[in-house]
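Please look over the sequence and the structure first.

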Amino acid sequence: MKEWLILVLYWGTIAAVIIAYFSVRKNRNRREAESGADKMNLRGAAIPILGEGGNDPMLYAHWEKREHYGRTVKITYYRYAVSFKNRVLTVAPLDVNKKTRQMFIAAPQVYSPENLGKVTVKTKTSKGGKRLEVWLGDKMGHTLQTLVIDGENLRKRYFPVNIYQHEECDAFEAFIEELSGYVASENPGVDAIMEAESNEGQGVIGAVISGIGAFFSIFYPPIGIVLCLVGIAMSVKSYVKGNRKLLPLIISGICAAVGVGMIILYLSVM
């Protein structure tokens, strides 16, 4: 019984220390965010993109790019200084020195109705305030930029700033929603282009799966025929939805015929 109590006290003390540490750190970060030091550093670094007088509205944004390699996930963190005014959005990559708190921007990208074909906005709300997830696409529906904008940004391992920007976040939401509506009215055919490319991609994937199925049919026909059928189903679906490129469908058909032939041979031998 005594040993059990000692064990509980030991782990309880460790848990209390950890909770106290993170609580103190979070409160410190909140005080720094309220002081506005990082926000002022950001505005100072972003002067080149703030227009004449340096008074354009601006905020901090970030994005996490996730790449999957089997069971491994590679995450790359991006940070940006963003200014916005009169349907023009300027996004500059941001570098933050974690020790000195100095900030520097790189060459900015400018987005406006002239080069935008589609803009999507997702708004989420949590205890930390508002989060905006923004996607910018060109006239063909290809990705130009992805941004995540939080009203509350507190320093963590890969998040180097303490910035409160709730008012700026509200102003940006109004700006980006108006821009999204205007861009959509100016480019009504972008969704159709994106859907056509998606259908074409599905057909190509179907042909690849069918090819893999034909290969497996040589060694183990039951698995091969299943893959062939999945591949040709994807190619047919792509064609029905409007993809008029016949090559993926032809390849899938040939591979399916190989798979059927091999499964017939396999069953006859069995």
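Which side chain meets that of aspartate 38 in a salt bridge? The partner is arginine 101, at 3.3 Å from N to O. A salt bridge here is a side-chain nitrogen of Lys or Arg within 4 Å of a carboxyl oxygen of Asp or Glu. Aspartate 38 belongs to helix α2 (residues 37-45) and arginine 101 to the loop between β3 and β4 (103-105), 63 residues apart.

The model is predicted: local features need pLDDT of at least 70, side-chain atom pairs count only at pLDDT 80 or more, and totals for chains, interfaces and linings use all residues. Residues are numbered from 1 along each chain as its sequence is written, and side-chain values use heavy atoms, with hydrogens and water left out.

The protein chain has 6 helices and 10 strands; helices (H or I, at least four residues) and strands (E, at least two) are DSSP runs, numbered from the N terminus. Of its 270 residues, 34% count as buried, where buried means under 20% relative accessible area, exposed over 50%, and partly exposed in between (1.4 Å probe, protein chains only).

The predictor's confidence in each residue is given by pLDDT, from 0 to 100. Its mean over the protein chain is 83. Helix α1 (residues 2-35) has the lowest confidence, at a mean of 58, and strand β5 (residues 109-111) the highest, at 96. Where pLDDT is low, the predicted coordinates should not be read in detail.

The whole structure holds 12 salt bridges, including these:

| Pair | N to O distance |
|---|---|
| Aspartate 38 and arginine 101 | 3.3 Å |
| Arginine 87 and glutamate 178 | 3.0 Å |
| Lysine 118 and aspartate 191 | 2.9 Å |

Lysine 118 is in strand β6 and aspartate 191 in helix α4, so this pair ties together parts 73 residues apart in sequence. Lysine 118 counts as partly exposed because its relative accessibility is 21%. By contrast, aspartate 38 is buried, at 5%, and arginine 101 is buried at 13%.

Helix α3 (residues 166-186) has 21 residues, which should span 30 Å at 1.5 Å a residue; its end C-alpha atoms are 30 Å apart, in agreement. The expected span is 1.5 Å times one less than the number of residues. Among the buried residues of α3 are Cys169, Phe172 and Val183. The cover over the buried residues of α3 includes β1 (58-69) and β2 (72-85).

Methods: Contact = heavy atoms within 4.5 Å.
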